[in-house]
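Biologist: Before we use any terms for this structure, could we go through them one by one and see what stands behind each?

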Amino acid sequence: MNKALTLLAAGVALAFASTAAQAGDTYNAVKKKGFVQCGINPGLPGFSLADSKGVWKGLDIDMCRAIAATVFGDASKFKVTPLTTQQRFTALQSGEVDVLTRNSTATIARDTTLGLMSTGTNYYDSQGVIVKKSLGVKSASELDGASVCVLQGTTTELNLADWFRSHKITYKPVVIETSEGGFRTFEAGRCDATTSDKSQLAALRASSSAPDDFVILPEDFSKEPLGPMVRQGDDEWFMVVRWTLNAMLEAEEYGITSKNVEQMLKSDNPNVQRILGVNGEMGKGLGVDNRWAYNIVKQVGNYGESFDRNVGKDSPLKLDRGLNAQWTKGGVMYAWPIR
Amino acid sequence: MAGQDLAPSPRATGARRARRWSWNDPTTRAIIYQVGLLLLVGLLIWYLAHNTLRNLAARNITTGFDFLQQRAGFSIGESAIEYSPTDSYGRAVLVGLLNTLMVSVVGIVAATVLGTLLGIGRLARNSLVSGLCGIYIEVMRNIPLLLQLYFWYALVTEVMPSARKAFSPLPSVFISNRGLRLPWLQGNAIEWMLGGLALAIAACLLLSHWSRRRQEASGRSFALLPACVALLLALPALGWWISGAGFVVDRPVLKGFNFQGGFTVTPEMFALLAGLVTYTAAYIAEVVRSGIQAVNKGQWEAAASIGLSRARVLRFVILPQTMRVVIPPMTSQYLNLVKNSSLAVAIGYPDIVAVTNTILNQTGQAIEGIAIIMAAYLVVSLSISLFMNWYNKRMALVER
C-alpha cells in the first residue's frame, strides 16, 4: 500500500502544481537548493546499494555524483530517493527527483508518452535467464512449461512473453515485486528460472550464498540500454546530464584518470586540454564551471574507473566490459566529442 | 415554482403551507448551507481535475483510458477466464478483478465458518477448548497480516519438496513447492453435472424454506439434511447419465519441469487464502463471541428449562438472536478481508492491484491506474455493504 500512497501523492502533486514546467526550471531549482536529487534503485549490487555505513555506492550512484560534480564542483552535493520500478517514472514526472539514475531502459514509449527524456546510456545490458545448474538446461529454448520468476512491471515482462511466444513454447510467470524477492523465491525452488537484465542476474548471483550453483543462459532476449532520464521541458538540465556522461567517457578514452588528472592538466594534447577546461570555454555553454570535467574525474573517476570499481574486475560482480568497452576497444561506448 | 418544489410536502410540515424565505427559518438556512457546500466541493473537484489535466499536458504525459484497448503483452500466472499476452490491457484488468473476487468470496465463506466455530469455542465450558481458541485469537490479531502472508508463502515455497520429489498423500494428489495438484474432470458431462448441482442447491433452499413454514404452522419437523444430501448426489449423477457419461478424469502427471493437467492451487493463492482466512477468522470469532454474550442469560435458562440440550439451545435460540447483533461488525470484517486481499502483490498473486500496477508501470498512466483500482474496490465494497445492509434489515427485530 505504501507504493500506492507514493503514487497517489505524486498524483496529488500534479493536481496542485500551479505552473507548467518551463525551460531552465529544473536547472535553476537544482542550483538554488544546492544539491541534486537522484532517483535510484533501492538495492542493486554494483549499481546502487548502501554499504554497512549507509553510504550509497555503485555505477548509477557514480553517475549521480558526477552530475553533482558538474553542477557544483562537488560530487558530494547529491541526495538520493530510492524508488521501486512502480514509483520511478511518477517520481520523476512529478518533480520529486531531478534525474533518474536508476538502471532504466530507454524506450520510445517512455520518451513519447511519459514526458521523459533519455540522456544517454551508461550501461548496455540485455535480458537473460538464470537457472540452477542442477536442472541441466543449456538453452532457454529448453524451458517449455517452466515457471519463471519475473520482476513486476518492467520491460522484462514483455520481452519474456514475446520471446517465449516467438519460440512457440509456454511458461508460467510468477510475478514478484522486488528483484531480491524474486531471486529468493527462485532459490527456494518456486520457479525453474528467473529473468531480468543480465547485470542484475549477475549481481543477485554474486550476493547469493552459493554463486556456483547458478548458470546464466546464453540467450539475449532484448536490448536494454540503461541510462539516466530527465523530465522534458528543460533543455539546459538535459544537456548537463548528457554531457556529464560524455565527459566520463571522453576522459577514459583519452586516458585521464582520477590518479593522473593533475599531470594531465599540463598535457599538450588539445583534446585533453579542452576536456579539462585548460583551453576553451566548454563549460560556459552548459552554464557550469569550465573545469567541470576535471571535477568529475578528480572526485568520481572516469567511466572505466567507475565500471571496474563497481561492476567490473575490481568488484565482486566481475562483469566483462563487453559492449560497455570503449569503441576503440571493441565496445559501443562512443562519447560525443567535447569540442 | 422553485419554491414550491423545494418546500416539504404538506404531510411532513403539517399545518404550515407557505415557505418563508427568511434567514431565521432553519430549513431555509440548511438549504442555503448545503447548496453552498455542494458548490464548493464541485468547484474543488473541477479545479483539481482541470489542473491535473493541464499539468499532465504541459509535461507531455499521455492521459485517458485509451490504453485499455492496447495489447497487454505480459502473461498472468493464473486466470479464471481465457487470457494470453495478445489480449488487451482491459482484459488483463478483468482477469485481476476476477482473481480478487475469487479470493474474496472463498475467503469470506471460509473465514465466516472458521470464525464462527472459534467464537463458539471461545465460550465453551471446556477450558482447554476455550483457552486454545483464546490463544489463537490473540496471536492472530496481534501479528500484522503482511508478515503472516510471508510466513505462509515461505512455508509453501521453502519447506515443501520440489516438484520431482512431490509429496503424494493420495494417488494423483501432489503437494510440492509448485502448489497443490488435484485430479480434475474433463469432458462435456461437466456442464451437465454443474447444472445438476445448481438445481440441487436451489431445490434444497426451497425445501428448507418450505420445511420451516410447515414446522411453524404444524409443528411437524422434516428430515431436511438427508433429503438435501440425496438431492445433491442424485441430480449431478442424473446430469452425468443424461449427457452420455462423457468425461474423463484428468490426472496430474509429472512432465518436464512441473505437473501437467489436473487442477492447481498455486502457492500464491494458497498463501493468500490461508493468511486472509486465519487472520480475519480471529476478528470474526470476537464478533461472534460478543454477539453470543449480548444475548440475555435468561434466554439460555429459559431454553434449558424446556429440556433442550446446550447445542440445540445454541442453534435454535441463541444464534438466531446473535445474528442481529453481529451483522454490522461482520460487514466491516468482510470489507477488511476484501481490501486486505490487495496485499497479494507482496507474494505475487495476480490480483487487481498487482495486474494494474504492472499496467501502470508499462504505460506510465499512474493516475488512471490508481483510479481503476480505487473504482474497483469502491464498487466491490459498496456492493458488499449494500447486501449486508439489506440482510441486516431483513434480520432486524421487527418491533410493533
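**Terms and the values behind them**

Modeller: In this predicted model, Cys38(A) is joined to Cys64(A) by a disulfide, with an S to S distance of 2.0 Å.

Biologist: What makes the link of Cys38(A) to Cys64(A) a disulfide?

Modeller: A disulfide is called when two cysteine sulfur atoms lie within 2.5 Å, and the S to S distance here is 2.0 Å, so the pair meets the cut-off. The link is right-handed, with 90° about the S-S bond, and it connects distant parts of the chain, since Cys38(A) is in strand E1 and Cys64(A) is in helix H3, 26 residues apart.

Biologist: Why is Cys38(A) called buried?

Modeller: Buried means under 20% relative accessible area, and Cys38(A) has 0% relative accessibility, so Cys38(A) counts as buried. Cys64(A) also counts as buried because its relative accessibility is 0%.

Biologist: Why do Cys133(B) and Cys228(B) count as buried?

Modeller: The limit is again under 20%, and because Cys133(B) has 11% relative accessibility, it counts as buried. For Cys228(B) the relative accessible area is 13%, so this residue is buried.

Biologist: How do you know that Cys149(A) and Cys191(A) form a disulfide?

Modeller: Their sulfur atoms are 1.8 Å apart, and the limit is 2.5 Å, so this pair qualifies. Cys149(A) is in strand E8 of chain A, while Cys191(A) is in the loop between helix H7 and strand E10, 42 residues apart. Both cysteines are buried, and over all chains the structure holds two disulfides.

Biologist: Why is strand E9 of chain A described as largely enclosed by the rest of the structure?

Modeller: Five of the six residues of E9(A) are buried, so the strand is largely enclosed. Strand E8 of chain A is joined to E9(A) by six bridges, and the two run parallel; within this pairing, Val150(A) stands opposite Val175(A).

Biologist: How do you know that the length of helix H13 of chain B is close to what is expected?

Modeller: Helix H13(B) has 30 residues and reaches 43 Å from its first C-alpha to its last, whereas 44 Å is expected at 1.5 Å a residue. Among its buried residues are Ile370(B), Ile373(B), Tyr377(B) and Ile384(B), and Ile384(B) is also one of the residues that touch the most other members of the largest nonpolar core, which has 68 residues.

Key. Residues are numbered from 1 along each chain as its sequence is written. Chains are lettered from A and ligands numbered from 1 in the order in which they are written. This is a predicted model: local features need pLDDT of at least 70, side-chain atom pairs count only at pLDDT 80 or more; totals for chains, interfaces and linings use all residues. Side-chain values use heavy atoms; hydrogens and water are left out. Helices (H or I, at least four residues) and strands (E, at least two) are DSSP runs, numbered from the N terminus. The expected span of a helix is 1.5 Å times one less than its number of residues. Buried means under 20% relative accessible area, exposed over 50%, partly exposed in between (1.4 Å probe, protein chains only). A nonpolar core is a set of buried Ala, Val, Leu, Ile, Met, Phe, Trp, Tyr and Cys residues joined through side-chain atoms within 4.5 Å. Two strands pair if DSSP finds at least two bridges between them.
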